[in-house]
Amino acid sequence: MTGIDLKANLISRRAERRTVALVRLGPIIATAFLFRAAVGADGTGGGKISPVVPQFGPAEWGANASGPLCGIYAACTAVNMAGLEAHPRDFIAAKYVGQCAGSSPEELAAVVEDAGARAQILSRLSVFDLHLARCPVIANVRMTAARNRFDHWVVAIPSEAGVTIFDGIQNPYHIKTAEFLGTWSGIGICVTRDQQNPLATIWLGRSALMLAGVALGATFFFFFANGVSARNGLPRLYKQSCGLCAASVALAVAGNAVFGDLSNHAKGVAVATAPSQSRLYREGTLDDVRKAAAGADMLLVDARREQDYRLGTISRAVNVPVTASLWEIDRYLKAIGRDTPIVVFCQSANCDYDETVGAELTTLGFTDVTVCNEGYAELTKSQELARGL
Amino acid sequence: MVVAVVLLFSGVIHAAQPYYFVHTIASYRLLPPGASGLLGLWLPYLQIVLAMCIGLGMVREAAFGVAVVLFATFAAVQIAVLARGMEIDCGCFGFIVRVVSPASVMLPIAMMSASVLGLVEARRSRRQSSA
């Protein structure tokens, strides 16, 4: 028997012994695991098996071209949709991106026109106008639902299921009309290839709708307000006022069927009111972060930017950067139950990214969100101190 | 007539972008989200109906009465915002960004005064016609 054969024999015997040991120890390990699950990791008991938060890998954040170049990306996407060719790298210049915050509507119109297409800046647009325009519209939206400023540009195409959004270089996605309306300022840039004028179509549609509205309003009015009568005094005034309110309710139902999205009203309201409802989360401390880092039934969210997260984070923390849009976060956390306890932190006590992400999470319907009043820096410092002691 | 034009202009603008109006109402931080949502979808149409009634001269007394209550409420909420030291968009005409200020409070106060005059005049003309 050669040395090589001896070595192979030894390895195979070791593997055999390991298999036998595993078979013998298997039931013991399984029993111990079940016992641990039943009494809890801390051994305090309770007999309740905690729901385990599914583990998921890092997302590719930032593909929505957040930052000052979002307008350039949106303009080039719209130009390409119109059948011409444009690439964002050809338009990265002060002429097109005048401020750190990004491009103005006029600068984006210049991008479109320099790429050979026609741009029309329109304001006070409705979703009805988007349907009428029949061209790609660069829409001015809020980057995240929790923000108050309209600081982002996307291309919005209305569809039967809602609105299709083309945001930077990421794949297009669909959102409900109400959700889109909740983030849209009503400013849009219509992009067409030739001398086609979407404004004429929009005004024609608006006029037809206005006539229909007046006819409908007059019908409601005669039915509710004028039909109610009493001889004199307060009852007459009271009844007529009630009639006016009833007529307006009926008209509102009809009008919102055209301009709103009544079937997804709750989602629209959640997105529209998010900046004012940013306190739906609780404030927590570093103890909450430590608890979330230790427990499998909680989700620990690092709200810092992706590059900071990659440099180092707390164990078990997943990254939901402050720049992520509401829809990106929704897709990323799809598998997580809405009642899962979530603890959000960012760099330090002076950082407010965690508050923004916390507000986004509550907008998405997560009911148990805690935002830590300190952050990664404080936690690292306390750990160093503990090691030093 | 000025009251009718202001109500119609404001109503049509807000009706076209209902969730922007909901966003504006919520920014005043006076109502819960659900109430802001309902109010945002209904209030523009009340303004349109009032404008139609005043403009076309139908049930003017009731229309002016409701308009007085409406403008008084608008003025009161803006004064409440000023008292709390908040800096928010007025939202008076949809997407025209105008921060709530003493000047912006003057618009609903002026409209309320005009509506009171309209109400008095409508009541006087009704009494004359019934006499």
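# A tour by selection

Start in chain B, with helix 3 and helix 4. Their axes come within 9 Å and cross at roughly 135°. That makes helix 3 of chain B oblique to helix 4 of chain B; angles under 35 degrees count as roughly parallel, over 145 as roughly antiparallel, 65 to 115 as roughly perpendicular, and the rest as oblique. The crossing of these two helices is left-handed, meaning that the near helix is turned anticlockwise from the far one by less than a right angle (clockwise would be right-handed). Show side chains here. Helix 3 of chain B brings B:Leu50, B:Cys53 and B:Ile54 to the contact, and helix 4 of chain B brings B:Arg60, B:Ala63, B:Phe64, B:Val66 and B:Ala67.

Some bookkeeping. This is a predicted model, with local features needing pLDDT of at least 70 and side-chain atom pairs counting only at pLDDT 80 or more, while totals for chains, interfaces and linings use all residues. Residues are numbered from 1 along each chain as its sequence is written, and chains are lettered from A and ligands numbered from 1 in the order in which they are written. Helices (H or I, at least four residues) and strands (E, at least two) are DSSP runs, numbered from the N terminus. Axes are lines fitted to C-alpha atoms, for helices over the stretch in contact, with angles from 0 to 180 degrees between N-to-C directions. Contact means C-beta atoms, placed from the backbone, within 7 Å.

**Still in chain B**

**The interface**

Which helix of chain B gives the most to the side that touches chain A? First select the whole interface: 34 residues of chain B are in contact with 34 residues of chain A. Helix 1 (2–16), helix 2 (18–27), helix 3 and helix 4 of chain B each supply at least two residues of the chain B side. Helix 3 of chain B gives the most, with 13 residues.

**The core**

Now colour the largest nonpolar core. Such a core is a set of buried Ala, Val, Leu, Ile, Met, Phe, Trp, Tyr and Cys residues joined through C-beta atoms within 7 Å. A residue is buried if 20 or more other C-beta atoms lie within 10 Å of its own, exposed if 12 or fewer, and partly exposed in between. This core has 130 residues, and A:Val112, A:Ile138, A:Val191, A:Val301 and B:Leu50 touch the most other members. Helix 3 (residues 33–56) of chain B gives the most to this core, with 12 residues.

**The antiparallel sheet**

Move to chain A. It has 13 helices and 11 strands, and buried residues make up 41% of its 389 residues. Six of the strands form an open sheet in the order 1-6-2-3-4-5, with antiparallel pairing; strands pair if DSSP finds at least two bridges between them. Strand 1 (118–122) and strand 5 (173–175) of chain A each have a single partner strand, so one side of each is left without a neighbour in the sheet. The twist averages 35° from one strand to the next.

Zoom in on strand 2 (residues 137–141) of chain A.

- It pairs with strand 3 (residues 152–159) of chain A over five bridges, in the antiparallel sense.
- A:Ala139 stands opposite A:Val154 in strand 3 of chain A.
- Four bridges join strand 2 of chain A to strand 6 (residues 184–192) of chain A, again antiparallel.
- A:Val141 stands opposite A:Trp184 in strand 6 of chain A.

Are the faces of strand 2 of chain A buried or exposed? Both are covered: A:Val137, A:Ala139 and A:Val141 are buried on one side, A:Ile138 and A:Asn140 on the other. Click A:Ile138. Beyond its neighbours within four places in sequence, its contacts include A:Ala74, A:Leu108, A:Trp153 and A:Val191.

**The parallel sheet**

Last stop. Five strands of chain A form an open sheet in the order 7-11-10-8-9, with parallel pairing. Strand 7 (282–284) and strand 9 (317–319) of chain A are the edge strands, each pairing on one side only. The twist averages 35° from one strand to the next. Strand 8 (residues 299–302) and strand 10 (residues 342–345) of chain A run parallel, joined by four bridges. Select A:Leu300; opposite stands A:Val343 in strand 10 of chain A. Finish on helix 12 (residues 353–363) of chain A, which lies across strand 8, strand 10 and strand 11 (369–372) of chain A, at about 175° to strand 11 of chain A.

Technical notes
Two residues are in contact if their C-beta atoms, placed from the backbone, lie within 7 Å.
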